[in-house]
Amino acid sequence: MKLLIAPSVLSANFLRLEDDIKLINDSKADLFHLDIMDGHFVPNITFGFGIVKQIKKIAKKPLDVHLMIEKPDRYIDEFKKSGADYLSVHYETCPHLHRTIYTIKESGMKAGVVINPHNPVELLSDIVNDADYFLLMSVNPGFGGQSFIKQTINRIEKLSNIISANNSKALIEVDGGVGLNNAKQLADAGANILVAGNSIFSAENPIETIALLKDVK
Ligand code: DX5
Ligand code: ZN
């Protein structure tokens, strides 16, 4: 399967958000990655439904919403109404994760489960045929522009083996410190979706950077 690229809007210029959304529309990107942070699960606060709804009005590609919030179950409906197409929750925030996955799917979105860098990928073994995708954090969540944690490569390989051993169709997404310097290695290890914020929006030519990321494999 072709590698999917999901630019992280967190690194866009919010003073001219419309221009940056249109830039992603015009690029080879596949998804919009939207980071929702609550100041509790992670030390940072970003944006909520209002901004997601506005982006949805002009986005020509699906919205991949990454919830870094406590008690995400409370907000599944509202994110669906706001226009999310993919919705991921952190393993660490869901005591009834299996139920949460099916609530997301039943509301018509793709369901994703995210784990932080310290959590073993084996935690995902028993839900490997339930979630549509798994997001491996390759930085500690909370901020854009951090350095990639190299151990992630082994983690992708391990998860990829678990997925194939169980005949699962789940995709592997990687988020944090991703750029042209490591994209090929990530794709070779088994990543299907690459999230990239800083490496795209701080590039001289974001559209070309997205095209280069898309073509690494
Ligand atoms: C971090 C977020 C990421 C972030 C990635 O908590 O989940 O999506 O925007 O940004 P970069 O690509 O700059 O590391
Ligand atoms: Zn993210």
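This is a predicted model: local features need pLDDT of at least 70, side-chain atom pairs count only at pLDDT 80 or more; totals for chains, interfaces and linings use all residues.
Colour by secondary structure and you'll find 8 helices and 8 strands. Along the principal axes, the C-alpha atoms fill a box of roughly 40 × 35 × 30 Å, and 55% of the residues count as buried.

Next, select helix α1, residues 17-25. Which of its residues are buried? They are L17, D20, I21, L23, I24 and N25. Show the neighbours too: the buried residues of α1 pack against strands β1 (4-7) and β2 (32-37) as well as helices α2 (49-58), α7 (198-201) and α8 (206-214).

D20 is buried at 5% relative accessible area, while R16 is partly exposed at 41%.

Now pick K53 and E78, another salt bridge, at 3.9 Å from N to O. K53 sits in α2 and E78 in α3 (residues 76-82), so the pair ties together parts 25 residues apart in sequence. Both count as partly exposed: K53 at 37%, E78 at 27%. While you're on salt bridges, select K2, K28 and D215, which are joined into one network through shared partners.

Last stop: zoom in on D215 and K2, where the closest N and O atoms of the salt bridge are 4.0 Å apart. D215 follows α8 and K2 precedes β1, so this pair links parts 213 residues apart in sequence. In total, the chain has 8 salt bridges to look for.

Methods. Residues are numbered from 1 along each chain as its sequence is written. Chains are lettered from A and ligands numbered from 1 in the order in which they are written. Side-chain values use heavy atoms; hydrogens and water are left out. Helices (H or I, at least four residues) and strands (E, at least two) are DSSP runs, numbered from the N terminus. Buried means under 20% relative accessible area, exposed over 50%, partly exposed in between (1.4 Å probe, protein chains only). Contact means heavy atoms within 4.5 Å. A salt bridge is a side-chain nitrogen of Lys or Arg within 4 Å of a carboxyl oxygen of Asp or Glu.
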